[in-house]
Amino acid sequence: MGVRFLEVIGVGETGVRARTVVVLGGGAAGMIATWQAASLGHAVTMLEANGRLGVKLRISGGGKCNVTHEGSAKELLVVFAKEQARFLRPAFHAFGSGEIRDLLQREGVETYVRENGRVFPKDSPGSAGEVVAAMQRVLERAGVQVRTGARVAGLVGVAPRLEALTLEDGSWVRGDVFILAAGGASYPETGTRGEVLEALRNLGVVVNPWFPALAPIPLVAPRPEWEGVALRDGSLQLHAGAGGKRLATFAGDVVFTRSGISGPAALELSQEVERARRGGLAWLSYALSSLNEELLDAQLQQLQQGNPHLAVRTWLQRLLPERLCAFAHAELALPPDQRMKDLPRAARRSLVAWVRAFPLGEPRAVPLSKGEVAAGGVRLDGIDPRTMAVKGWENLRVCGELLDIDGPIGGYNLQAAFSTGFLAGQVGPSSAFS
Ligand SMILES: Cc1cc2nc3c(=O)[nH]c(=O)nc-3n(C[C@H](O)[C@H](O)[C@H](O)COP(=O)(O)OP(=O)(O)OC[C@H]3O[C@@H](n4cnc5c(N)ncnc54)[C@H](O)[C@@H]3O)c2cc1C
């Protein structure tokens with residue numbers, strides 16, 4: 001157990017206003033909450049199950065850490081579901097994209113904005129590690145007590161007061177105020193096993209169960225021979241069964257994996273895919289062209305007249321990776337040397353339909369553990385969005401992914417963790433409500 005005791009400032013034993021604050025979780029949200037509570041003069045102890053802080057942060061963005069997204073609070077909020085955006089508004093206004101970039105810059109970590117608006121530390125091999133190191137320096141200066149290797153096993157208390165946290169070794173940690181920042185339930189190897197949500201539920205706090213999101217989608221009939229092959233510039237489509245009503249679409253690339261599909265469009269659609277799958281039939285296809293069927297058919301007819309000797313395969317190669325063209329011919333029962341001029345009308349219509357809905361088939365259960373984020377968490381209507389205080393409790397706050405918040409890829413989830421952590425850390429003096 002790596003336990004490090006640092007000098008505690010502003011201890012409230014002399015009867016002044018500082019309080020003993022216990023923060024559960026040393027990730028993005030917990031570190032910011034700890035820093036804020038300490039800078040307000042409270043005596044803060046942070047408990048982290050791992051041997052070091054920020055383990056998920058260190059692997060974020062493929063080790064480069066897409067730390068936030070450029071834009072005003074309003075611009076960032078529009079990507080979240082309506083209820084989440086409404087909840088996050090005060091937090092994003094209090095501590096937004098500019099504030100986290102400023103904090104990092106003060107610690108010597110310069111950030112830059114990519115063309116797609118995603119913000120990263122200036123390129124270096126371990127830039128995610130630099131973000132964590134910067135935050136650790138901030139915590140050290142704030143004089144907090146950090147206990148690593150300390151997994152919380154239980155929450156002790158009865159509404160309206162939480163009394164203590166119990167650790168796996170049987171010891172208790174008491175405090176005046178508790179800030180829970182235990183993260184989600186994906187990538188359990190990073191420390192996030194999701195059990196704190198269950199403990200909160202047992203205390204009567206309203207929660208929504210964990211649900212997979214931003215995860216690769218396994219398929220009933222995967223194509224391991226196509227592993228690494230990408231479908232580009234089109235959109236992934238979710239249908240209610242083969243040939244069924246279209247339920248959702250996401251524009252972006254898809255990459256075949258050994259067990260199914262991944263890539264931006266697959267990750268972004270995974271939550272809806274899993275909901276549809278649990279609700280009955282779900283079926284996936286990929287629109288290789290953004291043109292609708294009529295326009296695509298008109299394009300082919302023009303080619304039949306203007307370029308009659310063009311091979312269908314050559315046309316397909318503009319839409320499909322070479323490795324899949326032979327598959328397309330076989331599926332459509334077209335000879336490998338099929339020319340445009342000899343393509344019968346019915347075959348042309350089938351080709352158009354196939355290009356508009358390249359069949360990917362039925363999904364299997366989307367794994368919670370493989371998501372970049374976990375949907376579900378503490379229900380937002382049970383939390384005060386200005387303080388992150390749990391309604392009905394005097395001294396309990398929740399922040400970060402433990403809340404029922406899940407944004408898209410692009411730096412939004414870390415920003416939500418930083419922003420909610422910031423508000424959770426604004427613990428008032430001992431005379432004030434939590
Ligand atoms: C592979 C991957 C890549 C990602 N990339 C990005 C990205 O580039 N940009 C982005 O915006 N988002 C990214 N995300 C999502 C983002 O990392 C999370 O949303 C964010 O880290 C959530 O912050 P948090 O502080 O709430 O939780 P975490 O950062 O997960 O921190 C929670 C901490 O609590 C600790 N903990 C949990 N339970 C206990 C317990 N019982 N006792 C003690 N400690 C406990 C955990 O060990 C953990 O350290 C990525 C996620 C993954 C998995």
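By class, I counted 13 nonpolar, 6 polar and 5 charged residues in the lining of the second largest pocket. For the classes, Ala, Val, Leu, Ile, Met, Phe, Trp, Tyr, Cys and Pro are nonpolar, Asp, Glu, Lys and Arg are charged, and the others, Gly among them, are polar.

Before going on, I noted that this is a predicted model, where local features need pLDDT of at least 70 and side-chain atom pairs count only at pLDDT 80 or more, while totals for chains, interfaces and linings use all residues. Residues are numbered from 1 along each chain as its sequence is written, and side-chain values use heavy atoms, with hydrogens and water left out.

**Second largest pocket**

I looked up its volume and got about 450 Å³. A pocket here is an open set of points on a 1 Å grid over the protein atoms alone, with protein on both sides within 12 Å along at least five of seven lines; lining residues have an atom within 4 Å of a point. Points are joined across faces, edges and corners, and the volume is the space filled by probe spheres set on them.

The lining has 24 residues, and the closest to the pocket's centre are Gln-84, Ala-213, Glu-268, Gln-271 and Asp-406. Helix H8 (264–278) is among the elements that give two or more residues, and H8 has the largest share, with 6. Helices (H or I, at least four residues) and strands (E, at least two) are DSSP runs, numbered from the N terminus.

Why does this pocket lie between domain 1 and domain 2? Domain 1 (3–213 + 369–424) and domain 2 (217–286) both give residues to its lining, so it lies between them. The domain bounds come from an automatic or database assignment.

**Ligand**

Next I checked the ligand, which has 36 residues around it; the closest are Ala-29, Glu-48, Val-152, Glu-401 and Leu-414. "Around" means that a heavy atom of the residue lies within 4 Å.

I then looked for polar contacts (pairs of N or O atoms within 3.5 Å). A backbone N or O atom of Ala-29 is 2.8 Å from a ligand oxygen, and a polar backbone atom of Glu-401 is also 2.8 Å from a ligand oxygen. For Asn-50, a polar side-chain atom lies 3.2 Å from an oxygen of the ligand. Alone, the ligand exposes 1000 Å², and the protein buries 96% of that (areas by Shrake-Rupley, 1.4 Å probe).

The shell splits into 15 nonpolar, 15 polar and 6 charged residues. H13 gives the largest share, 4 residues.

**Cavity**

How many cavities of 30 Å³ or more are there? I found 1 in the whole structure. A cavity is a set of grid points where a 1.4 Å probe fits but cannot get out. The largest cavity has a volume of about 40 Å³, and its lining is Met-31, Ile-32, Trp-35, Leu-103, Met-135, Val-138 and Leu-139. By class that makes 7 nonpolar, no polar and no charged residues.

The peptide bond from Ala-159 to Pro-160 is cis, with omega near 15°. I placed Pro-160 in the loop between strand E8 (152–158) and strand E9 (161–167). Tyr-187 is not a glycine, yet it has a positive phi of about 45°.

Methods
A polar contact is a pair of N or O atoms within 3.5 Å; within protein, one must be able to donate a hydrogen and the other to accept it, and residues adjacent in sequence count only if both atoms are side-chain atoms.
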